[in-house]
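Subject: Structure handover

Hello,

Here is the structure we talked about. Please open it alongside these notes.

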Amino acid sequence: MVRRSKTLYATNVGLPIALQHAIDQQSLQPERMDYLDLEMSELPPTPNLLIIEDTLSLLRLYSHVLSQAGYSILEATSGKEAREVILSRLPDIVLLDRVLPDTDGSILCQWIKETPQLSQTYVIMLSALKTSEDDRVSG
């Protein structure tokens, strides 16, 4: 797993391990969340996590595991749908499949990082496909 500028790229790693690592990392809490104004009795806001996955069985699995971990889940099954959800809901974290039916996940990740209001969004890219070292570094 490689981390570059708030983008994690997990490949050929069991999902529970990769997700547990992400969940355990306190640094994944978005910088735009301001906890200083909360009173002691208030809980911090639930992070919104967008899962972009075209395989429905994986989408259901990821949604179940992450909702149990306390995340508010948003879902998309294509790049076009993901862009609409991202712009309307501004998720804190995006779990992004590398291979989507209408776009490459790397292109979507690049769009997220280049869009000013999304620049603080964390992106975790996943792929079930065997990838090269160049793919891991570029993601």
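Helices are DSSP runs of H or I, at least four residues long, numbered from the N terminus. Keep in mind that this is a predicted model.

Start at the end of helix H3. Leu90 follows H3 and has a positive phi, near 45°. That is a positive value in a residue other than glycine. Leu90 sits in the loop between H3 and strand E5 (93-97). Its relative accessible area is 35%, so Leu90 is partly exposed.

Now H3 itself. Which residues of H3 are buried? They are Gly79, Ala82, Val85 and Ile86. These residues cover an arc of only 120° around the axis, so they lie on the same side of H3. Lys80, Glu84 and Ser88 are exposed on the other side of H3. The cover over the buried residues of H3 includes strand E3 (48-52), strand E4 (72-76) and H4.

The axes of H3 (residues 79-89) and H4 (residues 105-114) come within 11 Å and cross at roughly 20°. Angles under 35 degrees count as roughly parallel, so H3 is roughly parallel to H4. The crossing of H3 with H4 is right-handed.

Which residues meet there? From H3 come Gly79, Ala82, Arg83, Ile86 and Leu87. From H4 come Ile107, Leu108, Trp111 and Ile112. By type, the residues of this contact divide into seven nonpolar, one polar and one charged.

One more residue to check is Glu53. Where does Glu53 lie? It is in the loop between E3 and helix H2 (56-68). Is Glu53 buried or exposed? Its relative accessible area is 4%. Under 20% counts as buried, so Glu53 is buried.

What is Glu53 in contact with, leaving aside its neighbours within four places in sequence? The list is Leu58, Leu59, Tyr62, Ala76, Thr77 and Asp97. Ala76 falls within that of E4 (72-76), and Asp97 within that of E5 (93-97). Finally, Glu53 and Pro101 are 48 residues apart in sequence, yet 9.6 Å apart in space, C-alpha to C-alpha.

Best wishes

Conventions:
Residues are numbered from 1 along each chain as its sequence is written. This is a predicted model: local features need pLDDT of at least 70, side-chain atom pairs count only at pLDDT 80 or more; totals for chains, interfaces and linings use all residues. Side-chain values use heavy atoms; hydrogens and water are left out. Axes are lines fitted to C-alpha atoms, for helices over the stretch in contact, and angles run from 0 to 180 degrees between N-to-C directions. Helices (H or I, at least four residues) and strands (E, at least two) are DSSP runs, numbered from the N terminus. Angles under 35 degrees count as roughly parallel, over 145 as roughly antiparallel, 65 to 115 as roughly perpendicular and the rest as oblique. A crossing is left-handed if the near helix is turned anticlockwise from the far one by less than a right angle, and right-handed if clockwise. Contact means heavy atoms within 4.5 Å. Ala, Val, Leu, Ile, Met, Phe, Trp, Tyr, Cys and Pro count as nonpolar, Asp, Glu, Lys and Arg as charged, and the others, Gly among them, as polar. Buried means under 20% relative accessible area, exposed over 50%, partly exposed in between (1.4 Å probe, protein chains only). The arc is that of the directions from the helix axis to the C-beta atoms.
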